[in-house]
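Welcome! Here is a friendly briefing on one protein chain, grouped by topic so that you can follow along in the viewer.

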Amino acid sequence: MANVTSYGAASMVTGSCHLLEVDSLKILIDCGMIQGENWHDNYELFPFDPTLIDYLVLTHAHIDHIGRVPKLVKEGFHGEIIATDATLDIAYIMLLDSAGLLEEEYQTLLRKALRRGDENSVQEPLYTKEHVEQVFTKKLRRVLYDETIKLTPSVKLCLHNAGHIMGSAFVEVNYEEDTLHKSVVFSGDLGSKNRLLLNNLSPIKHADALFVESTYGDREHKVLEESIKEFKEAITQTIDAGGNVVIPSFALERTQEILWLLHQMHQEGSLHNCHVFLDSPLAIEATKIYKKYPAELNKTLGLRVSLGDDPFDFPELQYTLRKKDSMEINDVEKRAIIIAGSGMCNGGRVVHHLKQRIWNPKNAIIFVGFQVHGTLGRNIVDGEEFVRIYGEDIKVRAKVYTINGFSAHADRVDILAWIKQISGLNLIYLIHGETDKQELFKAYLHENIDTKVHIVKKEERIHL
């Protein structure tokens, strides 16, 4: 009997961690960071024994899918890690960045505690850069899309293009049970159709059970062309009025999409006398990886990169690697476009830029990604009059734009269309979503297909 237990991203969006037990094998699908108001749950011991995990499969390199991998290794995992080339390359820089932020936060809290004479109250960082390096000394299996891997004579695994970010995959596991051939699919995060940079999500012909994300299961995204128009208009209106634009952006995919759009605006002549700052060392490194794998890009961009053209660069763009360079952006009074992480404003350089700019009505904050409950970004999107930044309550006077059409996640129409192509499906399990949205998505699926749908609860053991 095959079983699945979700230890994260069950009745919530983040912390992806799903344990498949089949044919005496223990296969962990992702091991992500819990973000938002449940952040401190990351510090709890895993509710399973990491030493008994045979394989760790990474669907993609977003931190809510890989962020606890160093902790897993730290607590005894010594199995094999399976992922695409691009995912492993990106995971390395993402985890080093995560460790740096954790260590930096620890040092800040420790200094404050020392001044209070209460240093024993400060928790050690979840992991360090040394722990990250240990991850990449483990046995890594770099796989191609649609390549079948035999884990045992009766268990096979295959990664297919999920169209979400570079290297992203959904996981198909085929196994035998009582002489019957069965299969279960874990979606990871699925990409929306007609993305700016990547090829579309691949179809899957057959599955008996599907564990599928439901982040945007309650809605349909704006048409991409409308979002592009809204984005460009927000930029031009703000800078032409003498203001500045702050774009909290995820280092992966979203930043590269923004750079491509700004590249287009440069070609259109819309960025005259502008200063565009990519103020994220992580995003700078991620962009290099996007250039490394032109075959992963759609035909238009892949060809441009192969021919030596750079769709992610243009004359107005400046990289600010050092903190000193980042601080000097404060001196730019107008016509500045600042792209900085983190995407949910729960850390990173963007917090500093928000403190400097969010109180000024001439400025604009453009959100181009999902904001989890409990983050600064969500508070701003929800229309809080004041937000607390570095211990100071600051009035939100800047114009706030929320442009959801850029989402790297499939919406309910995309997911339904993908599911309808799957033959033999007995049960759909909803993961990676807030409970209220999952209830709406469940009802939507019931209206459109006959397959049973179940919302997965945290640590619920499901017999397939």
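Helices, of at least four residues, and strands, of at least two, are DSSP runs, numbered from the N terminus. With those labels in hand, you can find Ser 342 in the loop between strand E15 (336–340) and helix H10 (350–357). Please keep in mind that this is a predicted model.

- The chain is divided into domain 1, made of 2–219 + 408–463, and domain 2, made of 224–402.
- Taken over C-alpha atoms, the centres of the two domains are 27 Å apart.
- Their contact takes 30 residues from domain 1 and 32 residues from domain 2.
- Between them, domain 1 and domain 2 bury about 2800 Å², and 64% of that area is on carbon and sulfur atoms.
- Which three residues supply more than any other three of the area that domain 1 buries against domain 2? They are Met 166, Leu 196 and Leu 197, which supply 30% of it.

**The second largest pocket**

- This pocket holds about 270 Å³ of space.
- It is lined by 18 residues, and the closest to its centre are Lys 193, His 221, Lys 222, Val 223 and Leu 224.
- Helix H5 (224–240) and helix H12 (412–420) are the elements that give two or more residues to the lining.
- Sorted by class, the lining of this pocket has five nonpolar, five polar and eight charged residues.
- Both domains take part, since the lining of the second largest pocket draws at least three residues from each of domain 1 and domain 2.

**A cavity inside the protein**

- Rolling a probe the size of a water molecule over the atoms shows where empty space is left.
- How many cavities of 30 Å³ or more does the count give? The count comes to one.
- About 30 Å³ of space lies in the largest cavity.
- Its lining is made by Leu 58, Ile 66, Val 69, Leu 88, Ala 91, Leu 95, Val 135 and Phe 136.
- By class, that lining has eight nonpolar residues, with no polar and no charged ones.
- Helix H3 (residues 85–116) gives the largest share of the lining of the largest cavity, three residues.

**A closer look at helix H3**

- Helix H3 has 32 residues and reaches 47 Å from its first C-alpha to its last.
- That reach is close to the 46 Å expected at 1.5 Å a residue.
- After H3 comes Gly 117, whose phi is positive, near 75°.

**Backbone details to look up**

- Most residues other than glycine have a negative phi, and most peptide bonds are trans.
- Asp 146 has a positive phi, near 70°, and is a residue other than glycine.
- You will find Asp 146 in the loop between strand E6 (140–143) and strand E7 (148–152).
- Is the peptide bond from Gly 341 to Ser 342 cis or trans? That bond is cis, with omega near 10°.

Note on methods. Residues numbered from 1 in each chain as written. Predicted model: local features only at pLDDT ≥ 70, side-chain atom pairs only at ≥ 80, totals over all residues. Heavy atoms only, no water. 1 Å grid on protein atoms, 1.4 Å probe; cavity = no way out; pocket = protein on both sides within 12 Å on 5 of 7 lines; lining within 4 Å. Points joined across faces, edges and corners; volume = space filled by probe spheres on them. Nonpolar A, V, L, I, M, F, W, Y, C, P; charged D, E, K, R; others polar. Expected span 1.5 Å × (residues − 1). Domains from an automatic or database assignment. Contact = heavy atoms within 4.5 Å. Buried area = accessible area lost by both parts, 1.4 Å probe.
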